[in-house]
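This briefing covers selected local features of a single model. Please look over the sequence and structure before reading the points below.

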Amino acid sequence: MTSSERPFLNRRLAEFGTTIFAEMSALALSTGSINLGQGFPDTDGPEEVREAAVRALREGRGNQYPPGPGVPELRTAIAAHQERRYGLSYDPDAEVLVTAGATEAIAAALLALVEPGDEVVALEPYYDSYAACIAMAGGTRVPVTLRPDGGAFRLDLDELRAAVTPRTRLLLINTPHNPTGTVLTRAELTAIAELAVERDLLVVTDEVYEHLVYDAAEHVPLATLPGMRGRTVTIGSAGKTFSFTGWKVGWVTSTPELVTAVRSAKQFLTYVSSGPFQYAVAEALRLPDAYFDNFRTDLQRKRDLLGDGLRAAGFEVYQPQGTYFITTDITPLGEKDAHAFCRALPERCGVVAIPNSVFYDDPDAGRSQVRFAFCKKDEVLTEAASRLRRLAP
């Protein structure tokens, strides 16, 4: 094969084309539709946090390269947040790493910790970067599927245990879970922790929606459970909690050894990022508990507003316990193919959503599932619900 005949994209990434988010957001723009696909708010976060970023810019803080691990003010604030919220004590200098959003944190962790041929067990359906990052690391992804059960999605712990083999290197856990909105219970997480200890596994846990849990759900960081502090890489992010997703400020907390390993990979990705925004996020993490409580309450109300509209339009709705997202089933509408449904939805109703089938290794597993984002203004959600009622049987 000549160089001109060889595919330019390497085999590890050949299965990944343009992300579904880019495709559907472009469709929203071209049709003028309401975009309930990609998970970003349509309002900015707290004014005092935005002003903190402006102040940092004007004062010349972060306009040049910040320190590789992140500015000390932010690392200290992250450690204080983990201590205050969860009783987890981290050394800001050795056990905290600032990243370009959670996506880079996931990539750096997997590139650092996974050898070619290692198996990575992940909860499916999964955020699309998981599969790509496992592939870039040369690992083999092993899905454990969350399945609909009683109006929500649940983890089969026996299936998780059966997925672990001698080749398993780590578990990739996401709770609150995107896209299903599942919040793993303390009992489920305890079982995961016991499995990790028994089989001597590392765990990378994506907790970016930690503050967005509803009803009686509780977010339990895996690192708080017995035997997990020393084997867990916890990933957090400011974007979802403070509604500044464009700032791309994420972080990793773990042991000095694991953070050093992740930093070794991260330094060759972005090196550093988000300089002035790091100072602003440091101030955001020190906001009083009332901010987090009010934000969660407001999003729960938005969840219910859109959920009621989706039910009125004829969708089967799986009630999320957390995140920005509602997963639905389109079978009651007489539809079967979520991808085709979502491509046609802008012309039919002027609304954009995401087909969950893209989050599964086997697209048939989520063939009739569609995800909607509810992190939008009330009037946008109300209008979207009104348009979707055109679908009602």
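The model is predicted. Two of its helices, helix 11 and helix 13, have axes that come within 8 Å. Elsewhere, helix 2 packs its buried residues against helix 10.

**Helix 11 and helix 13**
- Helix 11 spans residues 289-313 and helix 13 spans residues 378-388; their axes cross at roughly 10 degrees.
- Angles under 35 degrees count as roughly parallel, so helix 11 is roughly parallel to helix 13.
- On the helix 11 side, the contact is made by Arg301, Lys302, Leu305, Leu306, Gly309, Leu310 and Ala313.
- Their counterparts in helix 13 are Asp378, Leu381, Thr382, Ala385 and Leu388.
- By type, the residues of this contact are seven nonpolar, two polar and three charged.

**Helix 2**
- Helix 2 (residues 47-58) has 12 residues, and its first and last C-alpha are 16 Å apart, close to the 16 Å expected at 1.5 Å a residue.
- Val49, Ala52, Ala53 and Ala56 are buried in helix 2.
- These residues lie on the same side of helix 2, because they cover an arc of only 100 degrees around the axis.
- The partner of the buried residues is helix 10, residues 275-284.
- Gly60 follows helix 2 and has a positive phi, near 75 degrees.

**Thr19**
- Thr19 sits in the segment before helix 1 (20-31).
- Thr19 counts as partly exposed because its relative accessibility is 36%, between the limits of 20% and 50%.
- Thr19 and Asp128 are separated by 109 residues in sequence, while their C-alpha atoms are 7.8 Å apart in space.

Technical notes. Residues are numbered from 1 along each chain as its sequence is written. This is a predicted model: local features need pLDDT of at least 70, side-chain atom pairs count only at pLDDT 80 or more; totals for chains, interfaces and linings use all residues. Side-chain values use heavy atoms; hydrogens and water are left out. Axes are lines fitted to C-alpha atoms, for helices over the stretch in contact, and angles run from 0 to 180 degrees between N-to-C directions. Helices (H or I, at least four residues) and strands (E, at least two) are DSSP runs, numbered from the N terminus. Angles under 35 degrees count as roughly parallel, over 145 as roughly antiparallel, 65 to 115 as roughly perpendicular and the rest as oblique. Contact means heavy atoms within 4.5 Å. Ala, Val, Leu, Ile, Met, Phe, Trp, Tyr, Cys and Pro count as nonpolar, Asp, Glu, Lys and Arg as charged, and the others, Gly among them, as polar. The expected span of a helix is 1.5 Å times one less than its number of residues. Buried means under 20% relative accessible area, exposed over 50%, partly exposed in between (1.4 Å probe, protein chains only). The arc is that of the directions from the helix axis to the C-beta atoms.
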